[in-house]
2 protein chains.
Amino acid sequence: MVFSNLEFATLVHIMLLLYTEKESEDWLTSDYIAGSVGVNAAVVRREIKKLKQAGLVVSKEGKNGGVKIIPDSEIDLAKIYLANVSDKEEKYNNTNPKCAVGGSINELLEEIYQQTDLEVIQSLQKIKLSSMYKNLKK
Amino acid sequence: MVFSNLEFATLVHIMLLLYTEKESEDWLTSDYIAGSVGVNAAVVRREIKKLKQAGLVVSKEGKNGGVKIIPDSEIDLAKIYLANVSDKEEKYNNTNPKCAVGGSINELLEEIYQQTDLEVIQSLQKIKLSSMYKNLKK
DNA sequence: TTAAACTGTAACATAAATTATTACAGTAAC
DNA sequence: GTTACTGTAATAATTTATGTTACAGTTTAA
């Protein structure tokens with residue numbers, strides 16, 4: 001329920017791929033990544049845009065170009081979550097303001113959502129790409 | 001992001017309405033509830049079905065029928081969350097099993113999702129209808 | 001005993017969000 | 001200058017969420 005679409009899964013997948021190849025000379029292409037994730041290369045580039053904006057990866061245009069994870073980088077999943085979530089807004093019902101509940105519920109929910117989001121972020125902060133890497137099937 | 005659609009908001013709204021009317025003789029009708037939430041009465045009945053299955057409300061058919069919150073009931077939002085979430089399944093990318101990351105990622109994400117869901121549930125357990133009721137604008 | 005007021009549910013329509021696809025301008029390498 | 005990339009836009013297809021209508025079945029009460 002927390003992750004109701006595939007965007008976060010796709011972002012984590014991309015980041016983990018880049019992490020596994022972080023020592024490589026080559027930059028990973030969106031075609032290659034698309035083949036591992038199982039989505040279209042244009043989708044990969046769209047998701048990578050978010051990762052770039054979050055400062056988690058760098059890319060290079062032109063021949064032999066592609067994407068690389070930023071060096072050093074003990075990256076955790078909260079950073080990836082936030083890269084994904086930053087633009088979106090919560091939706092609320094169009095409640096009846098004449099009703100005591102209808103007039104208050106959306107503000108109450110807003111607080112609650114902020115709290116649950118915080119919990120999720122704190123939970124994801126504990127999970128590093130390095131530990132996911134160690135848990136890959138060999 | 002945790003709550004990407006209006007179902008949870010609708011369920012909480014319904015429960016809070018029922019809570020405010022818990023001392024009343026009358027049963028609340030789906031028409032009345034629909035008017036407060038701002039959705040169609042059939043939608044209300046669809047959501048109420050989940051609440052019934054979770055044992056949080058009882059309903060009565062026929063004239064003067066409607067819905068009531070179960071008596072006693074120090075209900076928290078985790079119960080409502082679980083009423084909503086129980087049927088749904090997570091989705092994953094159709095990853096490439098020949099790739100080390102593609103072959104492992106979905107299992108790794110599954111674990112992560114279980115953990116974040118648990119955090120959300122624990123956070124929601126702390127929020128009772130009674131405290132939301134107290135925070136309604138008067 | 002019949003009309004009225006409900007729930008429960010199905011079938012279908014519409015809207016919104018997500019994901020896929022195609023295309024191509026721009027860039028860098030060789 | 002050709003090749004292999006990214007970046008991005010436009011648009012289509014798919015999926016999910018929400019809205020709407022309809023009606024059978026239930027209960028109440030005149």
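Reply:
**Helices that cross, and what surrounds them**

Let's start in chain A, where the axes of helix 2 (residues 30–37) and helix 3 (residues 41–53) come within 8 Å and cross at roughly 105°. Angles from 65 to 115 degrees count as roughly perpendicular, so helix 2 of chain A is roughly perpendicular to helix 3 of chain A. Keep in mind that this is a predicted model.

Who does the touching? On the helix 2 side of chain A you'll find A:Ser30, A:Asp31, A:Ile33 and A:Ala34, and facing them from helix 3 are A:Ala41, A:Val44, A:Arg45 and A:Ile48. Sorted by class, that contact of helix 2 with helix 3 in chain A has five nonpolar residues, one polar and two charged.

Now stay with helix 3 of chain A and look at its other partner here, helix 1 of chain A (residues 7–20). The axes of helix 1 and helix 3 of chain A come within 10 Å, crossing at roughly 80°. Helix 1 and helix 3 of chain A are therefore roughly perpendicular to each other too. From helix 1 of chain A the contact takes in A:Glu7, A:Thr10, A:Leu11, A:Ile14 and A:Met15, while helix 3 brings A:Val44, A:Glu47, A:Ile48, A:Lys50 and A:Leu51. These divide into six nonpolar, one polar and three charged residues. Notice that A:Val44 and A:Ile48 turn up in this list and also in the contact with helix 2 of chain A.

Side chains of opposite charge can pair when their charged atoms come close. Here, A:Lys50 and A:Glu7 meet in a salt bridge, with 3.4 Å from N to O. The pair links distant parts of the chain, since A:Lys50 sits in helix 3 of chain A and A:Glu7 in helix 1 of chain A, 43 residues apart. Over all chains, the count comes to six salt bridges.

Next, hop over to chain B. Helix 1 (residues 7–20) and helix 2 (residues 30–37) of chain B have axes that come within 10 Å and cross at roughly 120°. That angle makes helix 1 of chain B oblique to helix 2 of chain B. The crossing of these two chain B helices is right-handed. B:Thr10, B:His13, B:Ile14 and B:Leu17 from helix 1 of chain B meet B:Tyr32, B:Ile33, B:Ser36 and B:Val37 from helix 2 of chain B. By class, it's five nonpolar and three polar residues, with no charged ones.

Finally, how do the two chains sit against each other? 54 residues of chain A are in contact with 55 residues of chain B. Between them the chains bury about 4,700 Å², 65% of it on carbon and sulfur atoms. A:Met1, A:Asn93 and A:Val101 supply 17% of the area that chain A buries against chain B, more than any other three residues. Two salt bridges are found across this interface of chain A and chain B. As for A:Glu107 and B:Lys137, their side chains meet in a salt bridge at 2.9 Å, N to O.

Definitions and conventions
Residues are numbered from 1 along each chain as its sequence is written. Chains are lettered from A and ligands numbered from 1 in the order in which they are written. This is a predicted model: local features need pLDDT of at least 70, side-chain atom pairs count only at pLDDT 80 or more; totals for chains, interfaces and linings use all residues. Side-chain values use heavy atoms; hydrogens and water are left out. Axes are lines fitted to C-alpha atoms, for helices over the stretch in contact, and angles run from 0 to 180 degrees between N-to-C directions. Helices (H or I, at least four residues) and strands (E, at least two) are DSSP runs, numbered from the N terminus. Angles under 35 degrees count as roughly parallel, over 145 as roughly antiparallel, 65 to 115 as roughly perpendicular and the rest as oblique. A crossing is left-handed if the near helix is turned anticlockwise from the far one by less than a right angle, and right-handed if clockwise. Contact means heavy atoms within 4.5 Å. Ala, Val, Leu, Ile, Met, Phe, Trp, Tyr, Cys and Pro count as nonpolar, Asp, Glu, Lys and Arg as charged, and the others, Gly among them, as polar. Buried area is the accessible area (1.4 Å probe) that two parts lose on being put together, summed over both. A salt bridge is a side-chain nitrogen of Lys or Arg within 4 Å of a carboxyl oxygen of Asp or Glu.
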